[in-house]
Amino acid sequence: MSLTGLHLTAIGSGRFLLEPGAGLDIGQRDELIDSILGRLQKGEASLMYYHLGGQPVIDEAYYAWLDALARACVAINVRMVCVHMQPTAAFALSHILKAPPAFDSALSVDL
């Protein structure tokens, strides 16, 4: 499934990979989340990896997007794991967080 700025791929066993691209408009957050959740439910997902390799910095607006998506995933019983986070993004995120995030993180996709 491709949305403007996002690519969602089933990778097997109820797992999906979400890859954001240059055209991602987090200002359309509600519409994006609705589309993503619909695809995850249709695919009977239990886990979604969010590829952060192309995101050099996570600011408050991008964190709000990640948080909203992760919380929506929890509501449909899908665990969200951010993978390939760049050190600069992790450092910036550490300055934003006031509590543990709604998502997990890992170095890479678990195969």
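Just after helix α1, E44 takes a positive phi of about 50°. The model is a predicted one, in which local features need pLDDT of at least 70 and side-chain atom pairs count only at pLDDT 80 or more, while totals for chains, interfaces and linings use all residues. Residues are numbered from 1 along each chain as its sequence is written, and side-chain values use heavy atoms, leaving out hydrogens and water.

Helices (H or I, at least four residues) and strands (E, at least two) are DSSP runs, numbered from the N terminus. With 14 residues, α1 reaches 20 Å from its first C-alpha to its last, close to the 20 Å expected at 1.5 Å a residue; the expected span is 1.5 Å times one less than the number of residues. Buried in α1 are L32, I33, I36, L37 and L40, where buried means under 20% relative accessible area, exposed over 50%, and partly exposed in between (1.4 Å probe, protein chains only). Seen down the axis of α1, its buried residues fall within an arc of 125°, so they line one face of the helix. The arc is that of the directions from the helix axis to the C-beta atoms. On the face turned away from the buried side of α1 are the exposed residues D30, D34, Q41 and K42.

Next come the strands. β4 and β5 run parallel and are joined by five bridges; two strands pair if DSSP finds at least two bridges between them. M48 stands opposite M80 in β5. Four of the five residues of β5 are buried, so β5 is largely enclosed by the rest of the structure. Strand β6 (residues 104-106) runs parallel to β5, with three bridges between them, and V83 stands opposite A106 in β6.

What lies in the interior? The largest nonpolar core has 31 residues, and L40, M48, Y50, W65, L66 and L69 have the most contacts inside it. Such a core is a set of buried Ala, Val, Leu, Ile, Met, Phe, Trp, Tyr and Cys residues joined through side-chain atoms within 4.5 Å. α2 gives the most to this core, with nine residues. In soluble globular proteins, nonpolar side chains tend to be buried together.

P20 lies in strand β3 (residues 15-20) and is partly exposed, with a relative accessible area of 26%. Not counting residues up to four places away in sequence, P20 touches G5, L6, Y50, H51 and Y62, contact meaning heavy atoms within 4.5 Å.
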